[in-house]
Amino acid sequence: MIWILIAIFLGSLSIFLLIYFRFLQNKKIITLIISIFILIILSWTILKHYHKQNNDLHEKNKHNKHILTLGLTVPVQDGFGIFGQGSNTTINSYIRDLFHEYLIKAYPSKENNYYAKNYKPRLLDAMPLKQTQGEFKGYYKCNLIPGIKFHNGRLLTNQDIVNNVIYNKEKGGEHSGFIRDIKLDNNDKNCFFILFTDDQDPLNYHHLSKVPIILFEGEDSTIPNRRIGLGPFQLKEFDNNNIKLERFNDYYKKNDYIESNIRQIKACYIPDIQTINMHLKKGDIDVSFVALDKTSSKDLSRHSDLQIIKPESLIMTYLFLNCQKLSLEERRSIAEALSPEQKQKFLNQLGEDSARYQVVNSVSDSRMMGYLAEPNFDNSCQSQKPGSDKEIMFFSINATSPISYRYASRITDFLQKEGFKIKHEVRELNELVNKGEKGEFDILMISENFEDITPYYVLNYFFGPKEKGGSMNWHQLSDNVEIFQYLNDLKSNSDEPGYDQKVRDFHQFLFNKYAIIPLYCQKYSEIAMRKNVVNLDINIIGNLDITKLRKI
């Protein structure tokens with residue numbers, strides 16, 4: 001700034017002297033010499049300023065090469081969705097996995113046209129091994145890799161695993177009931193034994209891969225510290241608007257990320273999408289975790305320093321119908337109105353890419369075989385619209401996908417024209433889930449990013465009992481005996497002959513109850529990032545491994 005002021009001063013002085021000496025006819029030579037001298041000083045000052053500016057920019061770029069800045073439109077919640085503190089949102093999951101580790105990890109793959117997961121050890125030196133004899137018969141033996149450190153420098157032991165498992169069971173979360181008992185090996189601080197609640201449950205490893213190992217503090221190690229973990233980055237600063245993580249030098253698997261030059265990650269909460277796009281163009285943000293709509297994608301793709309990646313997606317949007325507030329006949333009238341043709345018409349009206357969005361008529365993962373098959377109506381039940389005096393409360397979540405709000409508005413307008421007295425309101429995620437659990441709704445619209453990819457898991461998640469991993473018990477179907485039978489049939493291997501028909505039969509049963517109406521799936525996302533961000537590692541279900549990114 002000082003160089004600019006000097007340049008302005010000298011320029012002004014030069015003009016003044018030129019005007020002054022113009023009136024002194026006998027001093028023309030002096031005027032010329034002084035003017036040239038001042039112009040030389042002025043040019044030198046300007047060059048000096050731009051040289052310094054270029055050096056500062058070079059140093060800034062050199063420094064920023066090791067800093068990755070993420071743009072978020074939703075805040076990261078304290079607790080990161082761990083053991084009941086904070087919601088288990090996609091953003092919370094991304095940030096959580098940067099500084100926390102798990103006993104095992106799932107690696108998705110595609111086998112026989114189905115998407116499957118292979119589990120591999122992380123904190124363990126091998127996968128759990130079932131004991132067939134001795135004191136721990138029926139238990140699974142687990143051995144921790146020796147020498148693993150928490151971010152505060154304390155060594156990981158089997159007691160830490162016990163603390164996490166017990167606390168998780170006490171909180172009663174989605175992944176809490178699968179372990180019946182856990183025991184220590186008193187002679188080996190890295191060895192422990194776990195007893196599954198149901199040894200044949202195909203979701204045991206899935207649940208085990210979802211429980212992060214956090215530090216417990218206090219005299220009796222009973223106070224959980226969700227901010228201290230075992231992952232490749234350690235949390236340095238946190239508030240709901242800004243987060244800073246730094247590379248953990250003592251990470252036990254640091255050779256896995258040897259190609260990455262990122263030493264620090266910053267996550268910035270910016271609720272306005274247009275503001276995030278502006279910072280992305282300027283280079284203040286490296287990666288935007290915003291699912292782009294068609295307009296934003298076209299705008300950002302024209303910028304020479306940006307790239308648009310299109311990872312596969314497992315996002316499906318659907319309606320829950322409250323079986324307690326809407327009769328079977330009323331639910332059928334809504335299901336008939338929202339026909340496959342009408343759902344497609346909504347997508348067409350929104351003008352989005354048909355390769356990205358597709359109508360869904362079944363409730364399992366959108367890429368499962370048979371998901372477009374239309375269920376048949378049960379003729380033993382006749383449709384009947386709710387009375388004109390019955391107001392239907394329709395809630396949708398706040399902007400979970402690029403088209404969710406607009407699609408919900410289309411549904412509202414259409415049903416109103418069809419004679420339904422419907423009122424649409426938008427809610428934040430936590431408030432929406434709370435209303436769902438209490439049953440304070442008639443229709444609920446949710447866009448779900450499926451983490452798992454088997455028909456059993458997805459259907460059990462929605463309709464199974466809580467003790468079996470179900471989470472959506474508020475639809476009032478989870479105590480139905482037929483639900484148990486259908487779910488048990490789906491526990492078999494998905495590549496068995498006739499498995500597809502089992503899935504479709506379950507869909508037909510659910511459709512006959514009119515408890516859920518699938519709407520559309522989003523087959524891929526669009527995410528914008530700077531072109532100098534390379535080494536993109538995106539798995540088969542569209543998850544980006546941030547820890548392996550590199551800046552050039």
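Predicted model: local features only at pLDDT ≥ 70, side-chain atom pairs only at ≥ 80, totals over all residues.
Reader: Which strands stand at the edges of the open sheet, and why is one side of each left without a neighbour?

Author: The open sheet has four strands with antiparallel pairing, in the order β4-β5-β7-β6. Each edge strand has a single partner strand, so one side of it is left without a neighbour in the sheet; these edge strands are β4 (129-130) and β6 (179-184).

Reader: Which helix packs on the sheet, and what angle does its direction make with that of β6?

Author: The helix that packs on this sheet is α4, which spans residues 158-171 and touches both β6 and β7. Between the direction of α4 and that of β6, the angle is about 155 degrees.

Reader: Where around the axis of α6 do its buried residues lie, on the same side or on opposite sides?

Author: In helix α6 (residues 273-282), the buried residues are Ile276, Asn277 and Leu280. They cover an arc of only 100 degrees around the axis, and what covers them includes β1 (67-72), α7 (294-301) and β21 (527-530). On the other side of α6, Gln274 and Lys282 are exposed.

Reader: Is Asn261 buried or exposed, and what does its side chain reach?

Author: Asn261 has its place in the loop between β11 (242-247) and β12 (264-269). Its relative accessible area is 9%, and because buried means under 20%, Asn261 counts as buried. Leaving aside neighbours within four places in sequence, its contacts are Lys65, His66, Leu549, Arg550 and Lys551. At 2.8 Å, the side chain of Asn261 reaches the backbone oxygen of Lys551.

Reader: How many disulfides does the structure hold?

Author: A disulfide is a covalent bond between the sulfur atoms of two cysteines. Cys323 counts as buried at 17% relative accessibility, and Cys521 is buried with a relative accessible area of 0%. The number of disulfides in the structure is zero.

Conventions:
Residues numbered from 1 in each chain as written. Heavy atoms only, no water. Buried < 20%, exposed > 50% of the residue type's maximum accessible area, 1.4 Å probe, protein only. Helix = DSSP H or I, 4+ residues; strand = E, 2+ residues; numbered from the N terminus. Arc of directions from axis to C-beta. Contact = heavy atoms within 4.5 Å. Pairing = 2+ DSSP bridges. Axes fitted to C-alpha atoms, helices over the stretch in contact; angles between N-to-C directions. Disulfide = S-S within 2.5 Å. Polar contact = N/O pair within 3.5 Å; in protein donor to acceptor, adjacent residues only side chain to side chain.
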